[in-house]
Amino acid sequence: MQQSTAESSEDLSGIQRDSADAKMQEYDQDSSGLLDLVSGYISDLLWDDDYLASQLDPNVLFSHDLGPDCFDDIIQKSDTAVALEASDGANHSEQREQRKPTGKIKPERKRQRDALSTQCTDGNSRDSRVKRRKATEPPKTQEETAEPPAIHDAEAASVPAEPVGCLPTTPPGNLLVFPPQSANSIPIQFITIPDPSAYKVVQLSSSPPPLIRLPLPNTAATPTYIFVPNPSPTRKRQVPPLSPADGAVAPFLMSSFQPGSMSDTASKVTSPTAAPPSPTNEVSPCKESPKSPVVVEIPQAVRDYIQQSKIHMSQTCQYMEAGLRLNAHYVNVSVSRREIARSGKNTNRCLDKELIITGDIDLQKSSMGQSQIFDSLNGKRYNVLFGNAGMGKTTVIKKLCLDWSRDCIPQFDFVFLLDGKQLALTEPVHSLQTLLLSQSSFAPHCADPEGVYAQILAAPKRVLIVFDGFDELRHYEILLQTQKKELVASLQKDSKAQAFTVKQLFSSILQRVLLPGCTLLLATRPRGTASQLLRRADSFLEVCGFTPANVETYVSQYFSDPELRESALDSLKSSSYLNLLCWNPGLCHLVCTALEQCKSEDALPRTLTALCHKVLCLKMEKDRGSTESLLEAEKINTAGPVESTDISNNSPGRRVQKNNRTRPRAVACATSGNQRARKTKGQKKLDEENVCQDTNRTELLSQLCSIAWEGVKSNSSAVPKGRTVSTKLRAFSLRTGLLLSQSLMKRTPSRREEMEGGGEVNNGIEEVEDKENKEKGGNPQTSDECEDRILLWANPFLQSYMAAVHLSLSRTVTDHSFLQTLPFQMGAKGRRKPQREELELTQRIAAGLLFHNRTELQSLHSYSEAVFRDMVASKQALVMKHLEGLCFGDLNSTQILEACNYVYEASFTHQESGKDTSAKMLTRLALNLPELLTFRGVPLNPPDVFTVQNALRMGGAEGRSFCLDLEDTGIQICGLRSLVALNNINTYRACIADVVTLWEELEKRSDEGLLQGAVSKFKIHPLKATQVCHIEHLERLVSIHTSKRLSDSSGQSNSLLAEGVPAVKELYKLEFELDPENSPLALPKLWDLLPGLHNLQHLDVENSKIGDKGAEKLANALVSLRSLEVLNLSENCIGDQGVKKLALALKDLPKLHCLSLYSNVISDEGAESLAAVLPHMASLTDLDIKYNKMTDIGAQSLGASLRKCSKVKTLRMWNQCIPYGVFERLKQQDSRILWQ
């Protein structure tokens, strides 16, 4: 074989090079490069496929020097004989033995690949891999080894099925190419395709270089065929994961590639033991669409860990607050999808983004069940879950984890929950492996961490990481700050090294340095600056509050007793504000706690302050009762039993009872008297101990309130680790349930605990028992276990309440310090500083406590009555003076809402001795509210609407009337109805879809009076459309206006809408300000609704890119806009054809006085069209046509037409295409022509 190859190489070197025609000159320029290209490509192809490598050695294939012109002759000579001969089995095996590599193999191509270099370091490694592959493969049939059939389509022809000429019919083993003037053949070995259905042969109409054509003998033409894989339409090209150690391609267990990938590195990370499946093979049931990542073969040990995680998570995720369980008390609240919009004047360049507040109807349309969250992401990997305090973000996350454990979220193999409180761990002793497998919440013990971690790195798209426990967006922003390059390089090199802090690992995950393909879900509160987070996130979700049906469900599940359940539901219906507070799931739980002990409706709390106070008192009473029971039990145990209840007849107690029966009556009476004396003395001592306990409890409560205020100031729900907390205070706070204990360093559960499914419930019992054991000389927790535990506030509302108690009822807070904590403080630059949610709640409750019943506050302080009265009176005066000094006209919408809540808490309290100072605050607020009361852009939840309604009703009593702007507030329809029903509301604005829905509800209820007021008071002028839904809602309203009925079946509304909708008739200005992405979606609807706006005077469609087609549609609509005075069509890509259509319609607008065509693409032809109609536009005074494409010809035409228009005051038409001299001459001829 080697001699034959050498002779053929010599013959090829003498092939006729001078006879090449012009068609093959491009091949002659780099024939050697073509050879290198083909050999390198096939060599890479063989290396990239284990099966091909096992059948063919690329080094043997390309070890022969074919000569630089071998392929030229193959391409040029159509009559060259090409014979296909099948080698016999003996010769073929003999040749293969000669071709076995004996040393290190050097790849042909210069392109470096880490995986290739590691595979080629030893020549025997590939042979062993081939042997393993052959050992695992089943014997192939003749159909499997045959050449794949030709598949043809519109541009492809099938390969001839019958043998041509002298071609053998047996399956070929080698292709022998005979160059001219040579009797020796050049062997090119055929490759057997393991899966013929995965490939097809396509005939090309032309031969794009570089291709090798193999002319067939006895054929008229020389068709060219290429061999390509069948396309896979549903799968995307993926990048192999890199090993964190040295950047090399991950091993086969770490691969998430689908077989048949077009990537040249994809097959390197595929398991050599797995045969490449056909594209028609059935895929995993959880990936019916591209939403689900590709599933790779998971080792059995990893599968066992995943199943163990699901079992463990299904047990530990059940626990909710106060002993409630998900499977019995969970209410499936909806999650809505939120959109973002750029803020700022230049929306195309501004980086800061804001969440869009939609109406109630749009919110319901965008809502989804929690099981649909990941189904609707459509491949989005960076998701943010918003929710205010108490909305149940953590509960929703637990429910998602529980659903995953029940195989309801098949998109992920791993789910890890990372707690933001772990940022307190500052020592660099962690790695990504330990963080996920040891420190994440609900993670069980892992027997094979190396294998599981390798699988996580192999398929990051099958991993979900949830971040919870972050109190505000600022914490995420800190983690998203750019890391040092050295740290990033260290993390990417070896993420298994236990040399990083939790903060560094969190930051690397959030910045996509580690596990870049995983799905992230970040839970946080919506307030605060989050430019970095909003820029990175793909999807924004928000936890919706309880609906009335959800509230009823929660209350029904909370009260198992039917009588208590009915009583609680009736009490809620009778208390409007308390019922509205249940919109928040956290507050709904507090309400249910209060309803358990309320015997009458009069005892129900009326404010948030009273509710929190009621719950705290219940906790204190429960703690007092448990303490007394504990003391009594200790007394009994100390005195010893008088009579035994042992059932044994031989017990000593039994004999004592028998002896007592035989004692004389006098002795028995004396004994009973002594017992009564001891009981009386014991009772007195017990009472003294109770008083002492109450005093100690008040002191402990005062210390706890101080800690709560420190947490509110630092915006943290965790007690700082450096804060000294005494043993008694710790036990008291855990006993009452005000604080919870949480371990930062997760303790690895034992095998027994895993089998029993014991979860971690932070109810404080273990902590109290450990402390008591320590005091008694027992075995407490080890110092390491104690040091890594932190204390957390169990409820954010109770934390704010305790902080408010410290502000208002503590003598350590001076009047000056208290004044600094009041709301509406002026900033350093004269601006009102925005308040955080926790601080707002604290300020609101502090005002309520100052005007609360003093008798009920005795348990919260240890001062004398005179001292307490003077302190409260002093702070009340400060609050009154502060509110009287406010200028309500300077307050923004958020601060006005805050003032309404602040005053409501102080006003609806216990009134003492006929002197109601708090009522004066409400009256003053109602008298000073602005007449145009706008809450645009401020979310209004149900309790907020109630407090605003209370202030407006008081304003009506004082003879005041208001105009409300409720757009972009998200107000519910029931809240909108309550505000519209007020008699002192002159006009109101709100989401059009919500208003129309309100009208339909009132029509169904036959409430004619309220319906008439709701229709007549509604206003939409001026209307600025910034979302597609705004145009959709306006289209619906215009349809009602033109049809003069709410719906096709409505009859009553005909009389109310006999003259149409007043809001549509009074719409005079419409601004279309959608971004270029959404503008094409809304423009067709805009053209349809414009003819119904007969009274429209100002139409602004700037920067909407309507083009000539849009200009034509607008021209058709302008016929109906006879009242139009201002038309702005700047920056719309309107050309000459569009201007021609517009010009015909513009001349028929009798009132149009301002027209702007600034920055379009109008040339001389369009300018002449405008010049022709300009004299007919009798009312036109200003025309702006700057920065178009017209030259001096168009400018002179407009200048000549301007002389005929006496009413035109200004004509702006300069652009760079007009010569300076021509424009100056035109300006001299007519001074109305301006540069700008």
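**Buried charges, a core and a sheet**

Q: Is R697 buried or exposed?
A: R697 is buried, with a relative accessible area of 4%. Buried means under 20% relative accessible area, exposed means over 50%, and partly exposed lies in between, using a 1.4 Å probe and protein chains only.

Q: Before going on, what kind of model is this, and how are things counted?
A: This is a predicted model, in which local features need pLDDT of at least 70, side-chain atom pairs count only at pLDDT 80 or more, and totals for chains, interfaces and linings use all residues. Residues are numbered from 1 along each chain as its sequence is written, and side-chain values use heavy atoms, with hydrogens and water left out.

Q: Which residue does R697 form a salt bridge with?
A: The partner is D623, and the closest N and O atoms are 3.0 Å apart. R697 belongs to helix α27 (residues 665–713) and D623 to helix α25 (residues 608–639), so the pair ties together parts that are 74 residues apart in sequence. A salt bridge here is a side-chain nitrogen of Lys or Arg within 4 Å of a carboxyl oxygen of Asp or Glu. Helices (H or I, at least four residues) and strands (E, at least two) are DSSP runs, numbered from the N terminus.

Q: And D623, buried or exposed?
A: D623 is buried, at a relative accessible area of 2%.

Q: How many salt bridges does the structure hold?
A: It holds 20. One of them joins E838 to R525, with the closest N and O atoms 2.0 Å apart. This pair links distant parts of the chain, 313 residues apart: E838 is in helix α34 (residues 837–850), and R525 is in the loop between β13 (519–524) and α20 (531–536). Both E838 and R525 are buried.

Q: What does K1140 form a salt bridge with?
A: K1140 is bridged to E1165, the closest N and O atoms being 2.1 Å apart. K1140 lies in helix α47 and E1165 in helix α48, so the pair ties together parts that are 25 residues apart in sequence. K1140 is partly exposed, with a relative accessible area of 28%, and E1165 is also partly exposed, at 37%.

Q: How much of α48 is buried?
A: Seven of the ten residues in α48 (residues 1164–1173) are buried, among them L1170 and V1173. The buried residues pack against α47 (1136–1146) and α49 (1192–1202).

Q: Switching topic: which residues touch the most others in the largest nonpolar core?
A: They are F467, W999 and L1090, in a core of 276 residues. Helix α32 (residues 796–809) gives the largest share, nine residues. A nonpolar core is a set of buried Ala, Val, Leu, Ile, Met, Phe, Trp, Tyr and Cys residues joined through side-chain atoms within 4.5 Å.

Q: What is W999 in contact with?
A: Beyond its neighbours within four places in sequence, its contacts (heavy atoms within 4.5 Å) include Y988, L1011 and F1018.

Q: How are β17, β18 and β19 arranged?
A: These three strands form an open, parallel sheet in the order β17-β18-β19. β17 (932–934) and β19 (985–989) are the edge strands, each with a single partner, so one side of each is left without a neighbour in the sheet. Two strands pair if DSSP finds at least two bridges between them; β18 (residues 962–965) and β19 have four.

Q: Where is pLDDT under 50?
A: One such stretch is residues 747–786. pLDDT is the predictor's confidence in each residue, from 0 to 100. Where pLDDT is low, the predicted coordinates should not be read in detail.
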